[in-house]
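Please keep the sequence and the model in view while reading.

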Amino acid sequence: MQRPSKFRPNFIRDLVLVSLLLSGMIVSAVVFLSARAREEISQKYIDNATASAEHQYTGMAENTEQILELAGDWIVSGRISSTSGKEMNVLLFPLLNRNHHISGISVAGTEGKSCYLTIHGDGFMTREMVDTEKGRVAVRRFWDAEQKLVSEEKRPSSYDPRSRPWFSPALADKGIFWTPPYVFFEYKAVGITAAIGRQSNTDSGQIVVAFDILMDDLFRKIQGMAPSANSRVFIFRNDARIYLPGDAEASSDFRAMVDIDDPLIRKTVASWEKGHLPDDKAFAVNHDGQTWWCGFRPMAAANRHVWVGVMVPESDIMGRVVQRRKGLWALGGFVLLLTGGLTFLMLRRYGRSVDMREDGFDSRNPEKSVMDLVSKGEGRTVEFKSTMRLNLHTRKPGKEIELAWLKALVAFMNTDGGTLLLGVSDDGTVTGLEADAFASDDKCRLHFKNLVNQHIGAEFSKYLRLHLLTVDAKKVGVVACRRSSEPAYLKTAKSEEYYIRSGLSSDALPVSKVVALIQTRK
């Protein structure tokens, strides 16, 4: 007997659950995108600061190298030599005046002679190394702004330019050599030196010109690139020694991490080294209840001796983050309202008219589902078969037994789908499939598959799912069958028939009706 369909109350529950799930996904997406916005804006702050510092350094380096190339031409032409002279002063004093990042210029030859020029007050100072009978003497001359000699003094000195870290590498390098940070001889302060070596056409030896750049001067310029009022910038070497500008009590120098009193700097460098983060990746550090966004970048891509570190408190960034977050929450709220509205409309419009059948198999609770189907009996979407292949009257496998349940599957697929229970008799008694004597469940499944492929077609397997269950200590086969999008036929050696479900039976249709029915299915 065919049972009337009725609305399943679980539909409302499922629809509400889907809506809640969608709402949860939206909230999660907003939270995730807010966190991403926080990271992206922080990354932008760090990128801008480190890029500015790198740009500052790169601009200074390019300018320095251009001047050094010019100085190299002056060496070759003989206009620059390792001894002090008026013509050389005329060339180099203006370079010091115009390029304030250059704290001093050294000119040295392979024979050990050298001359050093630097700014002194409103004028200049030169230091020329002279060999005398009493040893090496440094001759210091002081010049006014008009390059007129003001005074001169001589002092013993052990200075030899050939021992300085820029001399030999500049001669070996065909281009321009940059030193790592080191302590200058004249200033006793930390800096870096760019040097170029060339063969003079007038002197017998090679000559090196070197430009000194104080780290204090460079640090002040980079510090000015800080992205916000409370952010901090520091410089450190690739051996993790931190540079601190000099003050009245201590000379500027690179100091070991253990000697740094600033716990935030120590924590930032340790986090970066421990995380093995890329050069351009910003990361967060929590310190004293505050989050700092930090980043590092080499001051020169080709010269990774010196790095700049930037630390920005998140409170300085939050203005833009909050603005982005408000926009995301507004969008998320709109989508939530839209979702809620659509759910409400669906419930009002379809809640009372949705036709959902309760006679389908539920794989989430298979044994209970089978017992529920058995208790309700056969119907338009449910059919029972005692065995899969054994004829219980003859006690022998019969093809007619197999074709009977295959016919039911074809009818289900051509109508509204359904459930076939194998191992259940017509009166609802669970007899089990033990009489079919399959060697294993896999053998049973293979037999089912082969019969479907032979008599219906392998392409229809996607609409069928066989479950083998134990119910009341007996093996039961449950075939869940969905409605097919194309017509299904039961094929035998003699015929090919089209079946539909009608009440409790599977009825064959004549060809004339099959064509019309297929047209309506489309």
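With which residue does Arg-445 form a salt bridge? The model is predicted, and in it the partner of Arg-445 is Asp-442, with the closest N and O atoms 3.6 Å apart. Both residues belong to helix α9, where three residues, about one turn of the helix, separate them. Asp-442 counts as exposed, at 57% relative accessibility. Arg-445 is partly exposed, because its relative accessible area of 35% lies between the limits of 20% and 50%.

The side chain of Asp-441 meets that of Lys-475 in a salt bridge, at 3.3 Å from N to O.

Elsewhere in the chain, Arg-155 pairs with Glu-153 in a salt bridge whose closest N and O atoms are 3.0 Å apart. The relative accessible area is 44% for Arg-155, which is partly exposed. For Glu-153, also partly exposed, the value is 27%.

Salt bridges can also join into a network, as they do for Glu-128, Arg-141 and Glu-152. Over the whole structure, a search finds 16 salt bridges, among them the pair of Arg-445 and Asp-442 in helix α9.

Notes:
Residues are numbered from 1 along each chain as its sequence is written. This is a predicted model: local features need pLDDT of at least 70, side-chain atom pairs count only at pLDDT 80 or more; totals for chains, interfaces and linings use all residues. Side-chain values use heavy atoms; hydrogens and water are left out. A salt bridge is a side-chain nitrogen of Lys or Arg within 4 Å of a carboxyl oxygen of Asp or Glu. Buried means under 20% relative accessible area, exposed over 50%, partly exposed in between (1.4 Å probe, protein chains only). Helices (H or I, at least four residues) and strands (E, at least two) are DSSP runs, numbered from the N terminus.
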